[in-house]
Amino acid sequence: CVQQAVPRILNVWNNPTPTSTYLSGQVIDLLDRFVQRATVDDARSLLDVIFVPLVSLMQGNDDDNVLQNGDQCLRSFIHAAPQLMTSHHLSSNGKVPLQMILDVIAKQLDPEVNGAACAGVGGLIVSLFTKCGDSINDSILQGIVKQSETRIMCSADLPLIQSLIFLFAKLIHSHFDQTTQMLARIPTHEVTRNDFPKSAQKVVDCKNGLHALLNAWLENNAFFFGKYYRNVIATALSAVLLKYDAAALSSFEIVMSTENLGDFQNAPNQPRRPRTRSQARAQQQRIPVSLRIFVCLCEMFSQEYDTRLEETRRKKLELDSLKYLLPSDKNKSKRKEGFDSDEEDEFLYLSSLACADDEDDDHDLDPFSGEDPLSQLDLYDVLPGIFRDVAKRYGVDFVTAAVRFMNKQQRELLEMCLNRAE
């Protein structure tokens, strides 16, 4: 199947049409499925034949579909044959794949490149560090880490920011001391760009690179999505709160807004009184990062609680509505959006070779998350124990201060967790 597919894939890439950019991205997705199933010998053959054209296509393109699917395909090559990334010299140019992957990463960490197209770069770096980190020079590793933080500061694209925060969360899990110490040594001006004025605004009053990273992280955390990613990110924040020097962490400050608390003041032991929208917007203050992390974790626990309730309601509705469902018409023909008839025929043929089911939603998930035990965590079960550990480390006054920034449900759930038996 691979021998039949490769010439057709190269033909798509080498013969541009008005819709070929979209088709090229879809074909990369199919190639990714071949690579995921490849043996080491298969991967070696594919590297020699198709790796250089793939990287060339990515380096000459800023299309979302091409770069994101390309990042995923490069990850699959890394996981299929990590030893070949540093030892196999490609027949067409004599380079090892690692060199070309580093070039791809460098391009996507450049703030000038379309951020929406680079949402897969964090996962690519994670795979490279995990599988090939021992073969990469320390100065290159540190350079990538610093460039990743700069990219966060210069970007407003949430998927890209989540991708790179995920990278830092994985580094905190695997190399806590090295990562936090390295970030703490970075001056804030080194993670900004003069040609991106907003990047400097993001680090105002930040003491170092770690402070700046946590500031950006907590500012965006509420918008992160995906169970696996949230598991990794939440437990990494917990590690910072429980393992990093408490005094140093409390010396970092962040702006906390109480706008999300609704139309009432929620300070404990005080009468509930309405406040106007302008008062809500204006009610901001600087608080220790440690306090903001704790509030953030309580927010995530509240979201997990809501998700459980919604899942229960959904399952009940599904059971109640089964008798009303009509049989699905599995033979109904549906053309791929953006293709003409000839391109669709070629795409369907390649799909059949890759055994790709176009309706398989599971393929949209991170195919390598199963290798990480964190993917199996249930935050609803894990966070209560973390809350109790935080209360022991920081004390009652810390928890009382945090409660002032929580809504009613978050406060009630936190009280439930703290009172839950070990």
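## A buried loop residue

A residue counts as buried when its relative accessible area is under 20%. In this predicted model, methionine 406 has a relative accessible area of 0%, so methionine 406 is buried. The residue belongs to the loop between α19 (396-403) and α20 (408-419). Its C-alpha atom and that of cysteine 296 are separated by 9.4 Å, although the two residues are 110 residues apart along the chain.

Helix α8 covers residues 138-153, which makes 16 residues. From its first C-alpha to its last it reaches 23 Å, close to the 22 Å expected at 1.5 Å a residue. The buried residues of α8 are Leu141, Ile144, Val145, Ser148, Glu149, Thr150, Arg151, Ile152 and Met153. Other helices take part in covering these buried residues, including α6 (97-108), α7 (121-132), α9 (158-174), α10 (176-185), α11 (197-202) and α12 (209-220).

Helix α13 has 17 residues and reaches 24 Å between its first and last C-alpha, close to the expected 24 Å. This helix is mostly covered, with 13 of its 17 residues buried.

## Aromatic pairs

The structure contains 9 aromatic pairs. One of them joins phenylalanine 166 and tyrosine 228: the ring centres are 5.7 Å apart and the planes stand at 70°, so the pair is edge-to-face. Phenylalanine 166 lies in helix α9 and tyrosine 228 in helix α13 (residues 227-243), so this pair ties together parts that are 62 residues apart in sequence. Both phenylalanine 166 and tyrosine 228 are buried.

Phenylalanine 301 and phenylalanine 387 have ring centres 5.9 Å apart and planes at 80°, so this pair is edge-to-face. Here too the pair links distant parts of the chain, with phenylalanine 301 in helix α16 (residues 289-321) and phenylalanine 387 in helix α18 (residues 379-394), 86 residues apart. Phenylalanine 301 counts as buried at 1% relative accessibility, and phenylalanine 387 counts as buried at 1%. Ring pairs also join Phe301 and Phe387 into a cluster with Phe294, Tyr380, Tyr394 and Phe398.

A charged side chain meets a ring elsewhere: lysine 243 lies over the face of phenylalanine 176, at 4.6 Å from the ring centre.

## The nonpolar core

The largest nonpolar core has 124 residues. The residues with the most contacts inside this core are Trp13, Phe77, Trp217, Leu249, Phe294 and Leu297. Apart from neighbours within four places in sequence, leucine 297 is in contact with Ala234, Leu237, Ser238, Leu241, Leu383, Ile386 and Phe387.

Serine 290 lies in helix α16 and is buried, with a relative accessible area of 1%. With neighbours within four places in sequence again left aside, serine 290 is in contact with Leu241, Leu249, Ser250, Tyr394 and Phe398.

## Cysteines

A disulfide is a covalent bond between the sulfur atoms of two cysteines. How many disulfides does the structure hold? The count is 0 disulfides. Cysteine 73 counts as buried at 0% relative accessibility, and cysteine 118 is buried with a relative accessible area of 0%.

Methods:
Residues numbered from 1 in each chain as written. Heavy atoms only, no water. Helix = DSSP H or I, 4+ residues; strand = E, 2+ residues; numbered from the N terminus. Expected span 1.5 Å × (residues − 1). Buried < 20%, exposed > 50% of the residue type's maximum accessible area, 1.4 Å probe, protein only. Contact = heavy atoms within 4.5 Å. Phe/Tyr/Trp six-rings, centres within 6.5 Å; stacked < 30°, edge-to-face > 60°. Lys NZ or Arg CZ within 6 Å of the ring centre and 35° of its normal. Core = buried A, V, L, I, M, F, W, Y, C linked by side-chain atoms within 4.5 Å. Disulfide = S-S within 2.5 Å.
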